[in-house]
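Welcome! Please take a moment to look over the sequence and the model before reading on.

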Amino acid sequence: MPPRERSSFIGTKIWDMGFLTRTYLAIVTISSVYWASGGRPHFDTSWNNTRDWKRELADKEGYFTNTWAVEIDPAEEHVVANIAEKHGFNIIGQIGDLKGHYHFRHDDVDELNKEHNRDKTDRLLLEKEVKWAEQQTILHRVKRDGIPTDPKFKEMWYLLNEGQTGGPVGVDINVLPVWRKGITGKGIVVSILDDGVDHSHPDLVGNYDSKASHDFNDNDDDPRPRDLDPDNCHGTRCAGEVAAAANNSICGTGVAYQAHVGGVRMLDGKATDALEASSLGFQLQYVDIFSNCWGPKDDGKTFGKPGPLAAKALKRGADAGRGGKGNIYVWATGNGGLTDDDCNCDGYTTSIYTVSIGCIGDHGLSAYYTELCSSTLAVTFNGGAHREREENKMITTDLHHQCTEQFKGTSSAAPLAAGMVALMMESNNKLTWRDVQHIVVRTAKLTSPVDDGWRTNGAGFHFNHKFGFGRLDADAMVEMAKTWTTVPAQRICTGAASIEERDIPSGGALELSIPTKSCAGTIAEINKLEHVVLTISFIHRRRGDVSILLMSPSGTKNEMLSTRHYDDSKEGLDNWGFMTVHCWGENPRGFWQLKLIDNPLNEIGDRVLNGYGTLHLDTSKQDTDVEDLEEQVIDDQTKQQQTHVQQLQLQNDHVDFPYPPGVRRNEVRHHNMSEMSEQSVIDDLYNLTESDVASTTEYVYDRSRISHPEGSGSGKMAGNDEDFNDPGLDLNPEGSSSGGGYPEGSASEGVPSDDDMDAEDRDSVPYPAGPGGTSWDGVPDDEEFLDEGISDDNDDFKDTFREKPSVLKKRKSKAGNRNMHVAKKSVVVDNNSSNTLKKKVQVAAEETATQRVQVNAGYENPEIPCLGNGCSGVLLKWVLTFYGTEN
């Protein structure tokens, strides 16, 4: 969002918006030029002078009035007067400067009538001098100040905040300037993947798009929800936030109120990985944006991710959707703050292909159920507050054609983001999926500016584990999109990897220094990062005690995994990909520092502070923090400015207040290490990655639900925010080398280059064969294990790799065997121990009417084969993958 910076709170400087005009109601053609006196007939103007215009007329659009427009020829005064007198009319006057056109009124006819008085019209037309006559009707007209007239709009504080919640004015998504430019989502198609959409709702029916809709639960084309179950309101509420119609006297207004909106029903019945893949890949050439507000349980102990088919569908949408520009997948981060959850434990929001959206409340502060993680891209508003209390209103459509004021969780934030992306794409429909993410990164604004988590990365972008890059600003996004130049083709580089097993010290940290050249000198060379993925396998006595920190060569610290108080699993993790966006724009070349930290609980359940440190608090503890103080200061400032704000509102019906600065901070902290010599970087790092999926099935929950812990009590903050120690080079993978990735060409064969396709034409575009339309031998897919992609010149290393069965998987069984009710197990043998690790492969329990997702469960009943004394777990293998561009 383009910056609207202020030097003090709202009262010190209010933008000169001028007077915003009021909604008004008019009867067509009442503007008249009255005849002068002097031999001319007298025209009665008392009606205009004495009758008050009633606000109720807004509901009377289409009603007939007691006035007629009449065309008379010859337009002589006595002819007009005789006709009016003969039929009982008074002459209001000539209609504008239209010769021969007059405005008549009949006092014996009611001012508002549902029925046309045809008798009076027909009698006028019997006069030979009357060429045309028409009884006038009420028309609803608004002055074009961009303010919708829907009855609930005045309560939609997140669209236009005038202090409705009692909090500071101006805290909204800044969408009014976008609407005033005529940008309302026209021509953009948004599909809601959820429990269905009630497309017959009068606030949705005009924007409903059947081509963007399907029911995968019942396998038909109608996504209407089972409205006998009141919980099936979720998708309809999401749809209303995106595209509820404006100025129709119904409920509220969507962010992109002229966008096409469809629904994919997939959360209300039996579901499989195949069903999720079908939903995520539905109408890729027709749909622009998919809005997703669901995911694994936010219980603080689940690791859930897309199955292999759904993962492929996400990648396919990014590579091939929208004629090769890619579909936009907007995803809600989750509501697990009270259960100390971490959104990096959700493989949907950690996908590089999703725009992961968190939430903030009416003060711009984090909600009490906020999940923290390094994959969140940005935040926007919902009804939650920083501390648990009654939520603020969120106005949207509901089942049975109702309008609701309650919509909780990040489910009510992500659809607002989808609407803002729709506005941005109307202004520039050439944007790719990566362009959208770049624009979000560059326009996101600081929110809760004195929160301790704000940092600046090596490329100058501010970020926070609570808020991503900040809050979305609709006008800023649209303005940047208008002149945006498409980013270069994505490159993928496996920067470093290791299969060397290492102990995680009990109550301590395993620290690795990882050198990389980021594929320099190859077609995969990356000099500017977008996403960084750490794929890791480990076993540990208690998974919830583990935190993982990754620091870039520029000194940017990323908490890839935070401690989780309720995660008692002993299974560890098998091949889990943790993602961070916080190194965006940095050069990855140099030394990366990786820490795996054991943060045990003591006998009373409190976290032991071991001095190694993590970045996050135990969110379930809900301890007082700096945002509580910030909220008090903002409220005090709001009270001080209240009189001035009220004076402005007396002068203007609607004031689009600027966003308040809140508590000021002049700059965001910089935490950068001293530069490391590139000469110390090892040149030869071999490619290593893995995508084999070991998973069980679990349930999906919509993200309007707030997760609460099952028991009481939780640990204290896990460590502190100290800097990494530089342990020097203590990891030298056995003869690795860089490589991997795609060439720069991004155009796909067979895909039209017309960026101005109408929505109706998109579903006929063929899918390209793959990125670039070309197959590259020896250049591995980013999701496939590179043990078979290593060049033949490296046979010695491949032999070394294959001699360590403790980190190798047997190939997956065919898809047809994945739904067996008995768990399949593959054996992992550790060379340093006679113990056997059994990997948990998919367990498909009996299907229920609840949506399922794939869950990575690590290893089944592992015994920890410490290489030395006093370890809490063992790091088995890891891969560091970079996504970005050369320039």
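Here is a short tour, from the whole chain to its sheet, helices and cores.

This is a predicted model, in which local features need pLDDT of at least 70 and side-chain atom pairs count only at pLDDT 80 or more, while totals for chains, interfaces and linings use all residues. Residues are numbered from 1 along each chain as its sequence is written, and side-chain values use heavy atoms, with hydrogens and water left out.

**The chain as a whole**
- The chain has twelve helices and 34 strands; helices (H or I, at least four residues) and strands (E, at least two) are DSSP runs, numbered from the N terminus.
- Of its 887 residues, 61% count as buried, meaning under 20% relative accessible area with a 1.4 Å probe, protein chains only.

**The open sheet**
- Seven strands form an open sheet with parallel pairing, in the order β8-β9-β7-β10-β13-β14-β15; two strands pair if DSSP finds at least two bridges between them.
- β8 (214–215) and β15 (378–381) stand at the edges with a single partner strand each, so one side of each is left without a neighbour in the sheet.
- Two bridges join β8 to the parallel strand β9 (residues 260–265), and Asp 215 stands opposite Arg 265 in β9.
- Helix α5 (residues 234–243) packs on the sheet, touching β7 (189–194) and β9, and its direction makes about 160 degrees with that of β7.
- Contact means heavy atoms within 4.5 Å; axes are lines fitted to C-alpha atoms, for helices over the stretch in contact, and angles run from 0 to 180 degrees between N-to-C directions.

**A helix pair**
- Helix α6 (residues 273–280) and helix α7 (residues 308–320) pack at an angle of about 10 degrees, with axes 7 Å apart.
- α6 and α7 are therefore roughly parallel to each other, a label for angles under 35 degrees.
- In this pairing, Asp 273, Ala 274, Glu 276, Ala 277 and Leu 280 of α6 meet Pro 308, Leu 309, Ala 310, Ala 313 and Leu 314 of α7.

**The nonpolar cores**
- A nonpolar core is a set of buried Ala, Val, Leu, Ile, Met, Phe, Trp, Tyr and Cys residues joined through side-chain atoms within 4.5 Å.
- The largest core has 106 residues, and Tyr 158, Leu 159, Val 175, Ile 289, Ile 328 and Phe 469 touch the most other members.
- Helix α8 gives the most to this core, with ten residues.
- Apart from this core lies another, of 32 residues, among them Ile 514, Val 532, Trp 576 and Leu 875.

Notes. Buried < 20%, exposed > 50% of the residue type's maximum accessible area, 1.4 Å probe, protein only. Parallel < 35°, antiparallel > 145°, perpendicular 65-115°, else oblique.
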